Structures are given as C-alpha cells and as structure tokens.
Amino acid sequence: MSVAFVPDWLRGKAVVDQETIQRLLEENDQLIRCIVEYQNKGWANECVQYQQVLHRNLIYLATIADASPASASEAME
C-alpha cells in the first residue's frame with residue numbers, strides 16, 4: 001500500500017518530513033516504470049490500480065507543496 005494512504009482517523013496528524021517525501025518520489029518512480037512496462041506488453045487494464053496509486057501520491061505531494069510556506073516564499077522571488 002502507498003505510504004501516502006492515511007485512514008480518515010489519522011488525517012491531519014501525519015508528520016511530513018523529507019524522508020516521507022523521498023519515499024513517495026521513489027514509489028512514484030517504481031509505479032511509472034511498472035505502468036510503462038505493462039502498457040508496452042499491452043496490459044492496459046492491469047495498469048489501472050497503479051495509476052490510481054500514482055494519482056493519489058501526486059495529489060498528496062501537490063497538497064504538501066501548496067501548504068508549505070517555504071514554497072510560497074520561493075515562488076515569489
């Protein structure tokens with residue numbers, strides 16, 4: 001299961017650190033490689049679950065980036 005998946009009762013309590021972000025990026029790399037491999041073999045239906053996890057991870061990372069005060073100040077420079 002994706003490291004980005006957090007049950008409702010834990011939402012908002014997770015500590016987001018550089019290690020978590022790095023693990024998500026590495027997981028996304030693996031997901032993309034798997035999706036490409038399956039698509040090359042013509043197994044498009046088998047990709048769907050990996051695409052859903054990748055999408056969830058990307059939304060999670062985008063949410064973190066949007067909420068980060070550092071990213072807002074860097075974007076304005």
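Contact, in this presentation, means heavy atoms within 4.5 Å. Helices (H or I, at least four residues) and strands (E, at least two) are DSSP runs, numbered from the N terminus. With these two terms in place, one can say that helix 2 is among what covers the buried residues of helix 1.

Let me state the basis of the model. It is a predicted model, in which local features need pLDDT of at least 70 and side-chain atom pairs count only at pLDDT 80 or more, while totals for chains, interfaces and linings use all residues. Residues are numbered from 1 along each chain as its sequence is written, and side-chain values use heavy atoms, with hydrogens and water left out.

I begin with the overall picture. The protein has three helices and zero strands, and its elements run α-α-α from the N terminus on. Of its 77 residues, 21% count as buried; buried means under 20% relative accessible area, exposed over 50%, and partly exposed in between (1.4 Å probe, protein chains only). Among contacts between residues at least 6 apart in sequence, 55% join residues at least 24 apart.

Let us turn to helix 1, residues 18-40. What should its 23 residues span at 1.5 Å a residue? The expected span, which is 1.5 Å times one less than the number of residues, is 33 Å, and the end C-alpha atoms are 33 Å apart, which agrees. The buried residues of this helix are Thr20, Leu24, Asn28, Leu31, Cys34, Ile35 and Tyr38. An α-helix has 3.6 residues a turn, so residues three or four places apart point the same way. After helix 1 comes glycine 42, with a positive phi near 85 degrees.

Asparagine 28 is buried because its relative accessible area is 5%. Leaving aside neighbours within four places in sequence, asparagine 28 is in contact with Leu54, Asn57, Leu58 and Leu61.

Which residues make up the largest nonpolar core? A nonpolar core is a set of buried Ala, Val, Leu, Ile, Met, Phe, Trp, Tyr and Cys residues joined through side-chain atoms within 4.5 Å. Here the largest has seven residues: Leu31, Cys34, Ile35, Tyr38, Cys47, Val53 and Leu54. Helix 1 and helix 2 are the elements that give two or more residues to this core, and helix 1 gives the most, with four.

Next come the aromatic rings. Rings of Phe, Tyr and Trp (its six-membered ring) pair if their centres lie within 6.5 Å; planes under 30 degrees apart count as stacked, over 60 as edge-to-face and the rest as tilted. The count comes to two aromatic pairs. Tyrosine 38 and tryptophan 43 are edge-to-face, at 5.4 Å centre to centre and 75 degrees between the planes. Tyrosine 38 and tyrosine 50 are also edge-to-face, at 5.8 Å and 80 degrees. Since tyrosine 38 lies in helix 1 and tyrosine 50 in helix 2, this pair ties together parts that are twelve residues apart in sequence. Tyr38, Trp43 and Tyr50 form one aromatic cluster.

Is isoleucine 64 buried or exposed? Isoleucine 64 counts as buried because its relative accessibility is 18%. Beyond neighbours within four places in sequence, isoleucine 64 is in contact with Val16 and Ile21. Isoleucine 64 and valine 16 are 48 residues apart in sequence, yet 8.1 Å apart in space, C-alpha to C-alpha.
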